[in-house]
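Hi there,

Here is the structure I promised to pass on. Have a look at it first, and then read my notes below.

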Amino acid sequence: MTKHVNVDIEKQEWLDAIADILDEYGKGEEAGKLRAKDILRSLQDYLLKEGVSLEEATLNTPYRNTIGLDTQPAYPGNIELETRIENVIRWNAMAMVLQGYDNGSGVGGHIATYASAATMLEIGFNHFFQNRSQHYGGDIVNVQAHAAPGVYARALLEGRLSLSQAKNFRRELQADGGLCSYPHPRRMPDFWQMPTASMGLSTPSSIYTAKFARYLENRGLKPNNGGKVWTFIGDGESDEPEVLGTINMAARENLDNLVLVVNCNLQRLDGPVRGNGKIIQELERSFRGASWNVIKVIWSGEWDGLFARDTQGRLQQRMEQAIDGDYQWYSVASGKEVRDHWVGDDQELNTLMSSLNDEEIRCIRRGGHDHKKLYSAFKQASETQGKPTVILVKTIKGYGMGNTAEGHNTAHQKKQLSDTERLTIAKRLGIPLDEEQIKNAEFYIPKQNSEELEYLNAQRKKLGGYLPERKDESQVLEAPTLSLFKSLTDGSNGRAISTTMAFVRVLSNLLKDKKIGKYIVPIVPDEARTFGMEGLFPSAGIYSHCGQTYQPVDAGQILHYKESKSGQILQEGICETGAMASFMAAGTAYATQGIPTIPFYIFYSIFGFQRVGDMIWACGDMLCKGFLLGGTAGRTTLNGEGLQHQDGHSQLMASTVPNLLSYDPAFAYEVAVIIRDGIDRMYKKQEAIFYYITLYNENYPMPPMPKSSDENNIEEGILKGIYCYQRAEATHNNKVHLFGSGSIMSEVLKADLILKKYSVAADIWSVTSYNELYRDATNTERWNRLHPDKKEQKPYIQQRLKDETGLYVLTSDYVKALPQRLLQWLPKDAIVLGTDGYGLSESREALREHFEVSAQYIAYTALQGLYKQKHIKLAALQQAMEELGINSEKDNPYC
Ligand SMILES: Cc1ncc(C[n+]2csc(CCOP(=O)(O)OP(=O)(O)O)c2C)c(N)n1
Ligand SMILES: [Mg+2]
């Protein structure tokens, strides 16, 4: 039966009841708040039992500013002057892109993103972003990549960039300097702090950088002296899974040193982000659900008066009802059209809105263009404790670009403005250039002693200097000598171990090293046991910002699961993106925090490059140091696991990252040599490189490191990519060279024994890096090409093989394309074996037969090569084929 009640009175009664509870305890008292919450929770439980769900109601707040007028702080700056400065920056940012268009270079650029973000960035630069100093940890500022022209335009006023650099935006190779399109530390290492151009990645990078700062503090490597990460992203960008995928961790870790600002201009590249919904409300639900502090900046001060008069909540109701598609349309429609659509036939709303004329309605601003609203939000964010903050800022895309761009679906790509548009914009922004200069989109730089520049410089001085700024003030580290890894260079004394176990020994020794031990950061994505690293749990400890507040189930055992506040291992759970972001944070701490930590991130090799390849690319951009370790490597070594897990291509993918050195070692001592040298090159010699090393889980006896000779320097060979591991004992007419890498070396050694039976002598070469050999060969060839008048240089591979004769067979647990790139520098009858094709679930032995890289196949291939060279007869080859069980009609694995 429907009861007729006055809804408003009923609502008021409930509100009064809650107010009474709070009053009873006194305003702001915790006890009152707790009781009120308890009652509401009971009501919610009751409704849930009755089948009424409240998710939206509990996760969303009304569509209005989180910070009300009554709690809005006073503005500490000069808004009029800040607006003048912002206008000059807006103009110069636009001019930078327009000049590129005008001069016909076709290099492009974006205006609309910065136009929507200018005010929020200026609030940050004038009042919040603080540099690193002796007393302060320093802020990291990450802007939306497409807003870069605005940051350059500010740096131009600050005198940090030259006019010619600004003129050459997106022309990095120009003689008088230029600027890269987006934030790339690699291209501008004194300027940009983190790369943001691949959308979505800056959020996890920022979250894990904030976490890493806490890690450093908890481990006593960094003083607890503040430092925030401020990251600006787009609302369209928030659709990237990496953005919402990693926010839970930030709240779990209480990262109040992190502020994420989402520029909600309601548009992405093609059109609206959520035309049929509301992106701000959607994001609010996600972030509140993840326990973030959420601050919404939706409306400007012009709405405050209207809200004050909205006693019946009609205005609020209308705001809830309108969707983003409507709001975007309001940004392009006339005042009258907006009024008609907004008010409809609602008399009450009509009366409320009648205090504004049509022009006032058209000009009414969004919160993201209001200094005071933004300042309040930034201030609350910077003071919030115990949680990360997200600020959802509503703006207009292309704000101030005029009515052919502002709010239009085409705004993102607009890089050209007509003369009339230029003149109108310059006039509105108050740019004192003459007509010709404006049409030419020339830069305007106020005089050094102008009010504007004095204010701008003074504000930055108060905040410790200019930002963004990247500086490397970290200490140089001394790499240990090879003697630290004696147990590996001496061999395993016949005991079968894997290269993964060898690596764990290297890591344990490094962790114990007095000088660099504390800088080592082991990182795992829930795979420590897979790689036999659980031995490190009790000694190094697993980092936990709150220590271990429970008794671990294995407390009584030696290898118990020990979490601790000063724990050294970063256990990132099943999140390769997060673990990579931690690698990035640790590998770049030398620049972002001034502390030279050395990350070792070990993961399933197949879940590296193909899963988080873009993050690895960003690490290259950010001049990240450290070691990536692809465990359970190889298409055939990881037996049983099958198609999704067996990696036979990550080495090839690694070769595409220009400053990454990748190795595929076979023996324990090789692992030790490579890592020792890597520390020396990255942390002593300060080279901008990082490493990828593939490690296997196949156990075999690890030999001692062979002694070097004049023509066979083992350490040099390991690092450059090849050395002779074993010379043939006897000389036969039939001579082959077998190249082996990784644990396929064990098949190569078995193949040698088989070949002996066929009177074939084999030299065994360990190829630790086809990628390094290829890099050296192409670089040498290039040098020769450019220096025709000089004596030709020989690539390392040719130097090593210059006195050799015989047939070459190159085998690895990777695709054939990896060694094949070297064939041009080898004799023409060299043969490559590899593991092209999908993996499958089988034993190691069966897999090697399937992929035709087993000892039998290697031996057969050598014999077949000798047959082609006419060193053996067809009948002999056919007999060997039968003896070795080679089936010529077998399935082709490469399909
Ligand atoms: C991973 C990735 N995908 C696509 C792009 C191309 N892209 C650059 S900007 C953009 C739209 C951005 O929209 P939004 O995040 O809302 O930012 P806005 O410019 O609106 O502030 C796209 C698709 C990119 N840079 N990175
Ligand atoms: Mg957008």
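**What I found**

Trp14, Ile39, Leu40 and Leu43 make up a nonpolar patch on the surface, and their accessible area together is about 370 Å². Please keep in mind that this is a predicted model. Helix 2 (residues 30-49) supplies the largest share of the patch, three residues. Leu40 lies in that helix, helix 2, and it counts as partly exposed because its relative accessibility is 46%.

Next, a pair of helices. Helix 5 (residues 112-127) packs against helix 21 (residues 451-462) at an angle of about 65°, and the axes are 7 Å apart. Helix 5 brings Gly124, Phe125, Asn126 and His127 to the contact, while helix 21 brings Tyr455, Gln459 and Arg460. Sorted by class, the contact has two nonpolar residues, four polar and one charged.

Now for some backbone details. Most residues other than glycine have a negative phi, and most peptide bonds are trans. Here are the exceptions I noted:

- Leu467 and Pro468 are joined by a cis peptide bond, with omega at about -5°. Pro468 sits in the loop between helix 21 and helix 22 (486-489).
- Asn254 has a positive phi, near 55°. This residue is in the loop between helix 10 (247-252) and strand 3 (258-264), and with a relative accessible area of 32% Asn254 is partly exposed.
- Asp526 is not a glycine either, yet its phi is positive at about 55°. Its place is the loop between strand 7 (520-524) and helix 24 (536-540); Asp526 counts as partly exposed, at 43% relative accessibility.

Key. Residues numbered from 1 in each chain as written. Chains lettered and ligands numbered in written order. Predicted model: local features only at pLDDT ≥ 70, side-chain atom pairs only at ≥ 80, totals over all residues. Heavy atoms only, no water. Axes fitted to C-alpha atoms, helices over the stretch in contact; angles between N-to-C directions. Helix = DSSP H or I, 4+ residues; strand = E, 2+ residues; numbered from the N terminus. Contact = heavy atoms within 4.5 Å. Nonpolar A, V, L, I, M, F, W, Y, C, P; charged D, E, K, R; others polar. Patch = residues over 30% accessible without salt bridge, like charges linked within 9 Å, V, L, I, M, F, W, Y side chains within 5 Å. Areas by Shrake-Rupley, 256 points an atom, 1.4 Å probe, with all protein chains shown as cover. Salt bridge = Lys/Arg side-chain N within 4 Å of Asp/Glu carboxyl O. Buried < 20%, exposed > 50% of the residue type's maximum accessible area, 1.4 Å probe, protein only.
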